[in-house]
Amino acid sequence: MKKAFNYLILTTIIISTLLTGTVYATETNSNISITETPDSSSLNLTSDGILLLEAETGDVLFEKNSNDKMFPASTTKLMTAVLVLEKGYLNELVTVSSSAVNSVPSGYVKAPLYAGEELRVEELLYALLLPSANDAANVLAEHISGSITAFADLMNSKAQELGMTNTHFTNPSGIHDDNLFTTASDLSILARYAMKNEKLRDIVKTTTYTLPATSVYPQDDRELKTSNLLLDSSSKSYYYEYATGIKTGFTNPAGDCLVASAKKDGIEFIAVCLHSSTNSNGLRGKFVDCKILFDFAFDNYTTYYKDLQAKVLEEAEKQESFIFENAIQSVFNDNNSFDFLRGLLKICAIFIIILAIKLLFFRKKKNRRRFFKVRKRKGK
């Protein structure tokens, strides 16, 4: 629905622009640049693969071995959630199969789900993303594609579409497989894309969710808790007040993994930490690393990105004024009644363009307008 809405607005802009006979740019280039790169050498990080970026622009602010192939563990489930949200419907009822439940190896997390019970796609997504239930991943994969193998093919197609060139999936859960691998850089691409989906954003910031009773399991005591301790206010060592998601992971070969996000003052950063371990204080390195990275980003880059927002907004407003002034001028330059009517039509078309631009670029902001040109993420 969101994509269709955007396509509708863009089509309106194109048609209206054709009516005016003039092409106007809808994006502006910012001349703002970071004059001094903050010193990150003192960051004490335990993760082997790291990438820190600004979510809106994709600007890479820190990286360490970000293109090295590593095992993703349950951060894999982020791709599963993306595909389910794009291919399925939240209110669809899904029947849990015995194969989906029984194929989860011993020692891996389950919701638990029971063969024969029916749950909605939305409920299964909470089980997938909060406690990282592997049985939920299998159920959703079978629902979307009919089999685990077919769903893995779908995952790889999506990865290629997004530009995740060093990633290969073999299952929807992240259960260890030597042929299932990714990079911190690729996961950052996936995270930026995933967090544009409002429903996914809502789920990954949730701390608890209770599965309903079913005909097979009549109790409503299956409380799902997030495995992302950055969101857990009771976890003094790991809680981060600005955290907004996203997905944890762990297997022995993969180590501790985390794709995390945090937002403050309208600026959001994404951090990816792979193959982490316990730090010198006995704490789980992936959570500590992300907190350090987010503090580094907010302390050093918030002003830069707020200035960038303001500058691009100012340029957008100047552009709107330019479009309108040119439309008015074209009307008064016309010499006959036919040209005058055509000029009036131009004005109407210009108003449509301006309205469409505002809907497309400003409709998400409730308290203030925000216009941001999405730039390609810097390669590292």
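Strand β7 gives the most to the lining of the largest cavity, with three residues, where strands are DSSP runs of E of at least two residues and helices are runs of H or I of at least four, numbered from the N terminus. The model is predicted, so that local features need pLDDT of at least 70 and side-chain atom pairs count only at pLDDT 80 or more, while totals for chains, interfaces and linings use all residues. Residues are numbered from 1 along each chain as its sequence is written, and side-chain values use heavy atoms, with hydrogens and water left out.

A cavity is a set of points on a 1 Å grid over the protein atoms alone where a 1.4 Å probe fits but cannot get out, and lining residues have an atom within 4 Å of a point. Grid points are joined across faces, edges and corners, and a volume is the space filled by probe spheres set on the points. The count comes to two cavities of 30 Å³ or more, and about 40 Å³ of space lies in the largest cavity. Its lining includes Leu 129, Ile 203, Asn 228 and Lys 247, and both α8 (198–204) and β7 (243–251) supply at least two residues each.

Helices α2 and α6 form a contact, meaning heavy atoms within 4.5 Å, in which Met 79 and Leu 83 are among the α2 residues and Phe 151 and Leu 154 among those of α6. The helices pack at an angle of about 95°, with their axes 10 Å apart, the axes being lines fitted to C-alpha atoms over the stretch in contact and angles running from 0 to 180 degrees between N-to-C directions. The two are therefore roughly perpendicular, a class that covers 65 to 115 degrees.

Definitions and conventions
Angles under 35 degrees count as roughly parallel, over 145 as roughly antiparallel, 65 to 115 as roughly perpendicular and the rest as oblique. On a 1 Å grid over the protein atoms alone, a cavity is a set of points where a 1.4 Å probe fits but cannot get out, and a pocket is an open set with protein on both sides within 12 Å along at least five of seven lines; lining residues have an atom within 4 Å of a point.
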